[in-house]
Amino acid sequence: MLEKAIDRLAEAVIADGGVCETSTRQNAVAASLLLARAPKLKSGPFEPTATEDAVRFAVRSVRDMEPGVLAIQGPPGAGKTYTGATMIRDLVKQGKKIGVTATSHKVILNLLEAVLDLSPNEPIAIAHKGDEDQMDGTHPNITPLASNEEAALALTTRTANVVGGTVWVWARPEFANSIDVLFVDEAAQMSLANVLAASHAASRVVLLGDPQQLEQPKKGSHPEGVDASALGHMLGDHLTIPRDRGIFLPVTWRLAPSIATFTSELFYEGKLTSKPGLENQVLTGTPDLDGSGLHLLEVPHEGNRNSSDEEIEAIATLVSRLTDGSCSWTNETSKSALVTGEDILVVAPYNAQVSRLAERLASTGARVGTVDKFQGQEAAIVIYSMATSRPEDAPRGMEFLFSLNRLNVATSRARCAAILVMSPRLFEPECKTPRQMKLANALCRFRETATTVECAAVAEEQTAT
């Protein structure tokens, strides 16, 4: 289905004389995607007014744009889903028909539910094409559609103003020009080719996501460039999207300033700041963790590849210490409460370490999972266990273990404390390429910024040896 959609697009582009600045309305989306260009606004240049924040600018842009693509990059906690939902809500009020797609039904439904949450007293007809088991536990006001025919009919008869579905729905020939705007959520995880296949469904496409967080899963080998994501293609070699290509959401509503400063410096060219009030997010009652920011717990161990008993015991001791009734955390409204397991995320890169951590911490209430599982989630405290003893022990190499995207996602789940638990040997890689040096530098910068955490389990182990 997707291949045929790409073939139809190619034939249309050839008939149009190629992809260029003057492509016809039918091919304007493809031209904007392939040429990585900003949308053209009917009312003037693509730039915010003096009184517009990024969200208001995004709402105005999608309402006012000529056929094409609007790319929006949302760093951790910067309100990407809120921005998308606000845009959809405004477009529905304008009488537009909207499509939503992503790499999974879960992501699609999350955005659809956010639209409903924004408008509890203003009914919006929303439907989703998916299997029955994919609709379990979803918002009761999202109508399930069992077939492509039902989805097409819902749009034609306007029994639904917003319809969600995977790219396999929107790439079908019967959905050509069926909607006004197609929203692609987590567009940094969807290939450029797939977005092109679905692009004929609308004259305007909105890309939501962040290439500095987790990328699309890669299966098999492909020619260079083929696996590029739609949003990654729009950014090119930039860490943040240039102003002449799209919109960057510059304010995080999650990260305390001490964490946001590190995140901004390392991943967002210094452009990300914290919302006023987040400086109130602090821990109290544990001297070497009091306040907010980055913390490093070094746990010496040898011979571990994808799991470490030493780190597991150190983390168990740390979680026990945080939840023993002496530690409190204060939120942005200055309301304080004792830390419980529910306030803690424990993250690891490998399933083996996650399984053993989950078993060890089962009684604490702490959430345990891989980086992939927790993208989009948050907690007061995040503990990131790297598990591997030395860089050369990493079963999937430095590129996976030292991944900048994974470090970004793991540490940016934290509202006030991000604690990295790792072997000190990981600070001693034998870098052989500039890329490896860049990966290693990120961890070294974390260590320079972080405060050291003492842990009884580590001290006892060092004394015994």
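**Exercise 1. Aromatic pairs**

Task: Find how many aromatic pairs a search of the whole structure gives, then classify the pair of phenylalanine 262 and phenylalanine 267.

Solution: 
- The search of this predicted model finds seven aromatic pairs.
- Take phenylalanine 262 and phenylalanine 267. Their ring centres lie 6.3 Å apart. Rings pair if their centres lie within 6.5 Å, so step one is passed.
- Next, the planes. The angle between them is 90°. Over 60 degrees counts as edge-to-face. The pair is therefore edge-to-face.

**Exercise 2. A second partner**

Task: Phenylalanine 262 also pairs with phenylalanine 446. Which parts does this pair tie together?

Solution: 
- Start with the geometry. The centres are 5.5 Å apart and the planes stand at 90°, an edge-to-face pair.
- Now place the residues. Phenylalanine 262 lies in helix H10, residues 257-267. Phenylalanine 446 lies in helix H16, residues 434-449.
- The pair therefore ties together parts that are 184 residues apart in sequence.
- Ring pairs also link Phe262 and Phe446 with Phe248, Phe267 and Tyr268 into a cluster.

**Exercise 3. Buried or exposed?**

Task: Decide whether phenylalanine 262 and phenylalanine 267 are buried or exposed.

Solution: 
- The cut-off for buried is under 20% relative accessible area.
- Phenylalanine 262 has 2% relative accessibility, so this residue counts as buried.
- Phenylalanine 267 has 3%, so this residue is buried too.

**Exercise 4. Charges over rings**

Task: Which rings have the charged end of lysine 275 and of arginine 447 over them?

Solution: 
- Lysine 275 places its charged end over the ring of tryptophan 253, 5.0 Å from the ring centre.
- For arginine 447, the ring is that of phenylalanine 427. Here the distance to the centre is 3.9 Å.

**Exercise 5. The sheet and its helices**

Task: Trace the open sheet of six strands.

Solution: 
- Read off the order: E16-E15-E17-E18-E12-E19, with parallel pairing.
- Find the edges. Strand E16 (367-370) and strand E19 (451-452) each pair on one side only.
- Look at one pairing. Strand E17 (residues 379-385) and strand E18 (residues 414-422) pair over six bridges. Alanine 379 has alanine 414 in E18 as its bridge partner.

Methods: Residues are numbered from 1 along each chain as its sequence is written. This is a predicted model: local features need pLDDT of at least 70, side-chain atom pairs count only at pLDDT 80 or more; totals for chains, interfaces and linings use all residues. Side-chain values use heavy atoms; hydrogens and water are left out. Rings of Phe, Tyr and Trp (its six-membered ring) pair if their centres lie within 6.5 Å; planes under 30 degrees apart count as stacked, over 60 as edge-to-face and the rest as tilted. Buried means under 20% relative accessible area, exposed over 50%, partly exposed in between (1.4 Å probe, protein chains only). Helices (H or I, at least four residues) and strands (E, at least two) are DSSP runs, numbered from the N terminus. A charge sits over a ring if NZ of Lys or CZ of Arg is within 6 Å of the ring centre and within 35 degrees of the ring normal. Two strands pair if DSSP finds at least two bridges between them.
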